[in-house]
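Q: I am new to this structure. Please take a close look at one part of it with me.

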Amino acid sequence: MSAEADTIAAPSSGTMQQQPLITVRDLVKYFPIRKGVFSQQVGQVHAVDGVSFTVMPASTYALVGESGCGKTTTGRTMLRLIEPTSGSVLFDGQDVFSLHGQALRTARRDMQIIFQDPYSSLNPRMSVRDIIAEGLRVHNIGSRTEQDDRVAELLKTVGLAGEYAFRYPHEFSGGQRQRIGIARALALAPKFIVCDEAVSALDVSIQAQVINLLQELQQTRNIAYLFISHDLSVVRHISHRVGVMYLGQLVEEADTDALFENPLHPYTKALLSAIPQIDSDSGGIKKRQALTGDVPRADRPPAGCRFHPRCPVACDKCRSGIIPVCTPESGRRVQCVLYA
């Protein structure tokens, strides 16, 4: 598969291993709100509130939802770039949140991240060679010559010339910078990469090239991705399984085809209706299912279902109590009283 192709290839439908690479259990992250001269805590933002899911080896798990729903916080907390409030993340059976010192540093070799902004995520004062080789230096991997060879190999892998190693980030386009970011993430041969809106800042044609590159790397290196995005068209092409987040909670989870062909949660239905589609009967664009009202404040989430203030089918049960997580179909979960 060519990384320079302008079309997006569908993910492989090969059989996945049964043992999860990553298991997220009841992940919670609250950010304190402080005010006054003494910075007293007066509240907390419920950024991630009880999220659970698994990521299989060499697969892509996508997190989707509106801006501010907690997707990025989930990914960064999994890597302990942000410390969790509670919950656990098991990586190859090992609790990431219980690791410290050298044990945590060793585990981080297998977990990397590709950031959203290819302009701010690269140090403008470091050459491409130093950016990519930084992880190798931190972990004392190889001699200087071996590190240079590794950088040249990685640049070739992501579709860039080896002589680019001596240039600086300002000399590259956005797509080239993101390829450098991918090369940096690959330097330590990780098993898992968080792709945090990795293509949202790129032109559409460049997005296709980068997505094809990510898929090729997954197939050749058996890398698992957590793909964070708000672009549902991209998610449908690259992911094997999708989790839909709303206001810090996972409201629906299913295999990609099942979710896009038959969404269950009212919020998922509204999200998918935002994808432009041609009505085969009239020849025009299908009407979108618009949501009314604003997203509730994350420091004051509503009782019951957090989506009920905007839900077109909300009932009294939705407005109070704990909303059950139901499994109406095998391999599918939805948090909604309609399926209890």
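Which residue's side chain does the side chain of arginine 241 join in a polar contact?

A: The partner is glutamate 253, at 3.4 Å from side chain to side chain. A polar contact is a pair of N or O atoms within 3.5 Å; within protein, one must be able to donate a hydrogen and the other to accept it, and residues adjacent in sequence count only if both atoms are side-chain atoms.

This is a predicted model: local features need pLDDT of at least 70, side-chain atom pairs count only at pLDDT 80 or more, and totals for chains, interfaces and linings use all residues. Residues are numbered from 1 along each chain as its sequence is written, and side-chain values use heavy atoms, leaving out hydrogens and water.

Arginine 241 sits in strand S9, residues 241-246. Helices (H or I, at least four residues) and strands (E, at least two) are DSSP runs, numbered from the N terminus. The arginine 241 side chain also reaches the backbone oxygen of glycine 331, at 2.7 Å. Contact means heavy atoms within 4.5 Å. Leaving aside neighbours within four places in sequence, arginine 241 has contacts that include Thr60, Tyr61, Asp255 and Arg332.

S9 also meets helix H9. The buried residues of H9 pack against S9, strand S10 (249-255), helix H7 (232-238) and helix H8 (256-261). H9 spans residues 266-273, and six of its eight residues are buried. Buried means under 20% relative accessible area, exposed over 50%, partly exposed in between (1.4 Å probe, protein chains only). Among the buried ones are Tyr267, Leu271 and Leu272.
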